[in-house]
Amino acid sequence: MKHILITGGAGFIGSHVVRLMVNKYPDYQIVNLDKLTYAGNLENLKDIEHAPNYIFEKGDIVNAPLIDGLFKKYNFDSVIHLAAESHVDRSISNPLEFIKTNIEGTVNLLNSCRNLWSYGEGHLFYHISTDEVYGSLGKNGFFTEETAYDPRSPYSASKASSDHLVRAYYNTYGLPVVISNCSNNYGPNQFPEKLIPLAINNILHMKPIPVYGKGENVRDWLYVLDHAQAIDTIFHRGVPGDTYNIGGNNEWKNLDLIRLLCKITDEKLMRKEGTSQSLITFVKDRAGHDLRYAIDSSKIQKELGWSPSVTFEEGLAETVDWYLNNLEWMEHVTSGAYQSYYREQYEER
Ligand code: NAD
Ligand code: DAU
């Protein structure tokens with residue numbers, strides 16, 4: 001039996017990874033460690049909460065003795081590390097929280113592995129990271145695994161730092177590690193601070209859809225279940241010491257994406273064509289806004305046989321359906337602290 005620690009498993013991507021691992025590998029014991037910040041939500045895991053191979057532990061990865069205690073209690077042989085502060089705009093307002101969780105928290109996990117593992121067969125520290133560590137592209141080109149790091153926001157700088165530390169533990173202490181850097185995810189359970197669920201929520205309530213700058217920034221979108229499949233593949237077949245880029249080969253300018261989202265949502269709500277488009281509102285740009293991200297994922301495709309399986313049109317339609325069928329979920333996460341977050345970010349923008 002494998003004993004796997006998944007951190008951040010109550011968040012957006014983490015909950016899909018936990019569900020996949022719990023359902024697909026009944027002989028693995030999965031322990032989900034999550035602090036349950038504003039972004040962590042046990043409602044995301046309702047369907048598997050009683051699975052015999054699943055345990056939830058509430059806790060903070062910045063608390064080193066707690067991590068050591070969990071390693072001793074469960075005898076983990078591998079870690080899939082997703083816990084992080086993940087939102088760029090929040091990192092601009094409050095960088096320190098990102099330094100603590102994303103850097104210090106990662107080092108605490110690495111230390112527990114280093115101190116408590118004999119590095120025998122089957123041990124692996126799998127660090128989930130982002131394409132934002134590579135910086136911002138111009139109109140052409142793609143990020144490859146060899147692209148030099150050039151993080152430009154406090155969020156991406158903290159993730160870049162954690163990537164470097166993970167590699168340092170591989171090179172210095174021989175810890176078996178693997179890293180993947182993924183492009184923008186979308187899909188069910190994403191917290192409505194990110195562009196797509198924020199826009200869906202505003203469309204539902206006929207509120208302005210804030211588009212930063214001129215809406216010309218480009219992101220490469222990947223359906224979250226495809227990311228979870230890639231993580232499963234790399235966890236089982238990735239080469240220790242290696243890095244894998246994961247992307248959707250699916251670039252969209254923000255404005256074009258929002259227009260498509262408006263069209264799909266209007267059709268599903270049986271609203272008159274153009275209703276939601278009229279909500280699009282250009283607002284002050286994000287400070288240091290990266291122009292374009294685009295991933296070259298040929299390494300994982302060639303070496304491990306993974307490729308995205310969901311088209312953007314399918315994935316976006318399924319995402320809108322999920323939010324329309326889970327209005328209560330949206331209501332829960334947008335009451336309370338979300339209201340003041342939204343006011344601070346958008347009211348005077
Ligand atoms: P998220 O913000 O939805 O979830 C983060 C989870 O981590 C939450 O459940 C939160 O409670 C937990 N957490 C935060 N601080 C913690 C702490 N100190 N201790 C324990 N748990 C803590 O994030 P996400 O979008 O699901 O991203 C997950 C990971 O994937 C992150 O490492 C992120 O950098 C990376 N990533 C995200 C994307 C994306 O598009 N969302 C793309 C590439 C990589
Ligand atoms: O590329 C991977 C990264 O993608 C992950 O590492 C991050 O965790 C994740 O948050 C995401 O970062 P982005 O900053 O690209 O995602 P976000 O949804 O915040 O923004 C997507 C684009 O939309 C970006 O160009 C900014 C713009 N935007 C965003 C919001 C929230 C708007 O125009 N209006 C908005 O209200």
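A polar contact is a pair of N or O atoms within 3.5 Å; within protein, one atom must be able to donate a hydrogen and the other to accept it, and residues adjacent in sequence count only if both atoms are side-chain atoms. One such pair is formed by a polar backbone atom of L195 and an oxygen atom of ligand 2, at 2.8 Å.

The structure is a predicted model, in which local features need pLDDT of at least 70 and side-chain atom pairs count only at pLDDT 80 or more, while totals for chains, interfaces and linings use all residues. Residues are numbered from 1 along each chain as its sequence is written, chains are lettered from A and ligands numbered from 1 in the order in which they are written, and side-chain values use heavy atoms, with hydrogens and water left out.

## The two ligands

A residue is near a molecule if one of its heavy atoms lies within 4 Å of it. Ligand 1 is surrounded by 28 residues, of which I13, D34, S86, Y155 and K159 are the closest. Ligand 2 has 23 residues around it, and T130, D131, Y155, R286 and H289 come nearest.

| Residue and its atom | Ligand and its atom | Distance |
|---|---|---|
| I13, backbone N or O | ligand 1, oxygen | 2.8 Å |
| K35, polar backbone atom | ligand 1, nitrogen | 3.1 Å |
| T37, backbone N or O | ligand 1, oxygen | 3.0 Å |
| N184, polar side-chain atom | ligand 2, oxygen | 2.8 Å |
| L195, polar backbone atom | ligand 2, oxygen | 2.8 Å |
| R219, polar side-chain atom | ligand 2, oxygen | 2.8 Å |

Accessible areas come from the Shrake-Rupley method with a 1.4 Å probe; for residues, only the protein chains shown count as cover. On its own, ligand 2 has 690 Å² of accessible area, and the protein covers 95% of this. For ligand 1, the area on its own is 830 Å², of which the protein covers 97%.

Helices (H or I, at least four residues) and strands (E, at least two) are DSSP runs, numbered from the N terminus. Four elements, α1 (12-24), β5 (124-130), α5 (154-173) and β7 (184-186), each supply at least two residues of the shell around ligand 1. Strand β5 provides the largest share of that shell, three residues. Around ligand 2, strand β8 (residues 209-212) gives the most, also with three residues.

For the classes of residue, Ala, Val, Leu, Ile, Met, Phe, Trp, Tyr, Cys and Pro count as nonpolar, Asp, Glu, Lys and Arg as charged, and the others, Gly among them, as polar. The shell around ligand 1 comprises 12 nonpolar, 12 polar and four charged residues. The shell around ligand 2 comprises nine nonpolar, eight polar and six charged residues.

## Salt bridges

A salt bridge is a side-chain nitrogen of Lys or Arg within 4 Å of a carboxyl oxygen of Asp or Glu. The structure contains 14 of them. In one of these, D89 pairs with R286, with the closest N and O atoms 2.7 Å apart. D89 belongs to helix α3 (residues 88-93) and R286 to the loop between β12 (280-283) and α9 (298-304), so the pair ties together parts that are 197 residues apart in sequence. Buried means under 20% relative accessible area, exposed over 50%, and partly exposed in between (1.4 Å probe, protein chains only). Both D89 and R286 are buried.

R90 forms a salt bridge with E193, at 2.6 Å between the closest N and O atoms. This pair also links distant parts of the chain, since R90 is in helix α3 and E193 in the loop between β7 and α6 (195-204), 103 residues apart. The side chain of E193 meets that of K194 in another salt bridge, at 2.8 Å from N to O. Through shared partners, R90, E193 and K194 are joined into one network. R90 and E193 are buried, and K194 is buried too.

## Cysteines and loop residues

A disulfide is a pair of cysteine sulfur atoms within 2.5 Å. The structure holds zero disulfides. C182 counts as buried because its relative accessibility is 4%, and C262 counts as buried at 1%.

N189, in the loop between β7 and α6, has a positive phi of about 75 degrees although it is not a glycine. With a relative accessible area of 7%, N189 is buried. M270, in the loop between α8 (254-269) and β12, likewise has a positive phi, near 55 degrees. M270 is exposed, with a relative accessible area of 75%.

Q277 is also placed in the loop between α8 and β12. Its relative accessibility of 36% is why Q277 counts as partly exposed. The C-alpha atoms of Q277 and K194 are separated by 19 Å, and the two residues are 83 residues apart along the chain.
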